[in-house]
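Reader: Could you walk me through the charged pairs here, and then perhaps something about how the helices pack?
Author: Gladly; let us begin with the structure itself.

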Amino acid sequence: MATSTEPTKAKTPIGRVVGASLVGTTVEWYDFFLYGVAASVVFGDLFFPKGEELTGTLLSFATFAVGFFARPVGGVVFGHFGDKLGRKNLLVLSLVMMGLATFAIGLLPTYAQVGALAPILLTVLRLIQGFALGGEWGGAVLIVSEHGSPERRGFWSSWPQAGAPAGQLLANGVLAGLAAFQSDAAFDKWGWRIPFLLSAVLVLVGLWVRLRIEESPLFQEARAKKEQEPAGKLPFVEVITKYPREVLTAMGARMAENVSYYIFTIVIATYAKEHLKLDKSFALNAVLIAAAVHFCAIPLWGALSDRIGRKPVYLLGAVGVGVWGFVFIAMVNTKSFGLAVLAVTIGLILHGAMYGPQASFFTELFGTRVRYSGVSVGYQLASVIAGGLAPFIAVALLKAYDSGFAISVYVAVCSLISIIAVVSYGETRKRNLADL
């Protein structure tokens, strides 16, 4: 291995880079999760024809999954231009696209107003959301990983990851607040639109912060060297041909992380409302409290991975959620709000053991010249078969077996896949990004 060292000095202070990345990812995840929560509690009734119990919710979650199918496409496109033009410009574009699509969802007519056109428009906007988010994650974690010191890469790069629970916190908080102060009729008629329209304000804040940072210094060095070399393969082609094992490792590692997250935060709303016949605020408030703990846990797990390695921390999370899935359902089945909060909180703490070191782990798998494409492809391809289908599969299992423990088995199988993927790959903590 070469003996060159990674640059530790950047034009933009690492704190500002982390802040810009965190604010932007929070806004984008707010938009994305807002759709998921709304899909579980209101979209089934508003945008689809009336049917038997859970059918409208299944159709609603089908449009939720559509966004995930668009994410690999966004990852390829944004990754390609991000590896050629830089991380910053593509991050700004992804934020604008996501914000506009979310705002437009808040203006959509319902099925009762325009019939079949309503779900079509909803699906199109969901595709735009997925495409934008497909390009967001890779750029956000890379611009931090490539700015920060290698000794604390796990800690610094975990902060953009914390944007997920922060966005979840905002989405659930706004929806829970509206549900608490509105009647169900008012919330279903117009109250649900307010959080989507608020996205415009959040995007403006995110843009102001994100435009104030400089480009990644590692990317600038790589681009300067690349200009002196003959033209090579397209970044996506180079990733597939040079890093196939790394792509499969990233995909496998994501299975437990992605599936468990949507079970603990999205599916619980449907499970509590449709299966346990509880008020919609029961699950929303439980997730709201747990998301605050999750936000704090993620950087702590990232910091721990700097000390003991990415693999042991990640494996702890993968094994943990596989076991906890059964305890989770049992605790929620009690219909006790306190136990439900505890169930979601512990589930998300274990999830954080995977999500915290994930950014640094995936960053360390790929070379600088194709890193945006590599992390985006590996991360987003897994999103299609993991997170994208998780709510749909979970609700289908619930409908078929009339038991939440069928969902627990699903989480356990995904955990086993992640354990195999992580165990089969070497430790990456000491890798030098400048040498890749």
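Author: D83, R87, E146 and R371 are linked in a network of salt bridges, a salt bridge being a side-chain nitrogen of Lys or Arg within 4 Å of a carboxyl oxygen of Asp or Glu. This is a predicted model, in which local features need pLDDT of at least 70 and side-chain atom pairs count only at pLDDT 80 or more, while totals for chains, interfaces and linings use all residues. Residues are numbered from 1 along each chain as its sequence is written, and side-chain values use heavy atoms, with hydrogens and water left out.

Reader: How far apart are the closest N and O atoms of R371 and E146?
Author: They are 3.0 Å apart. R371 lies in helix 16 and E146 in the loop between helix 5 and helix 6 (153-161), so the bridge ties together parts that are 225 residues apart in sequence; helices here are DSSP runs (H or I, at least four residues), numbered from the N terminus.

Reader: And is R371 buried or exposed?
Author: R371 is buried, with a relative accessible area of 0%, where buried means under 20%, exposed over 50% and partly exposed in between (1.4 Å probe, protein chains only). E146 is buried too, at 1%.

Reader: Switching to packing, how do the axes of helix 2 and helix 16 cross?
Author: The axes of helix 2 (residues 55-85) and helix 16 (residues 371-385) come within 8 Å and cross at roughly 180°, the axes being lines fitted to C-alpha atoms over the stretch in contact, with angles running from 0 to 180 degrees between N-to-C directions. That makes the two helices roughly antiparallel, a label for angles over 145 degrees.

Terms used
Parallel < 35°, antiparallel > 145°, perpendicular 65-115°, else oblique.
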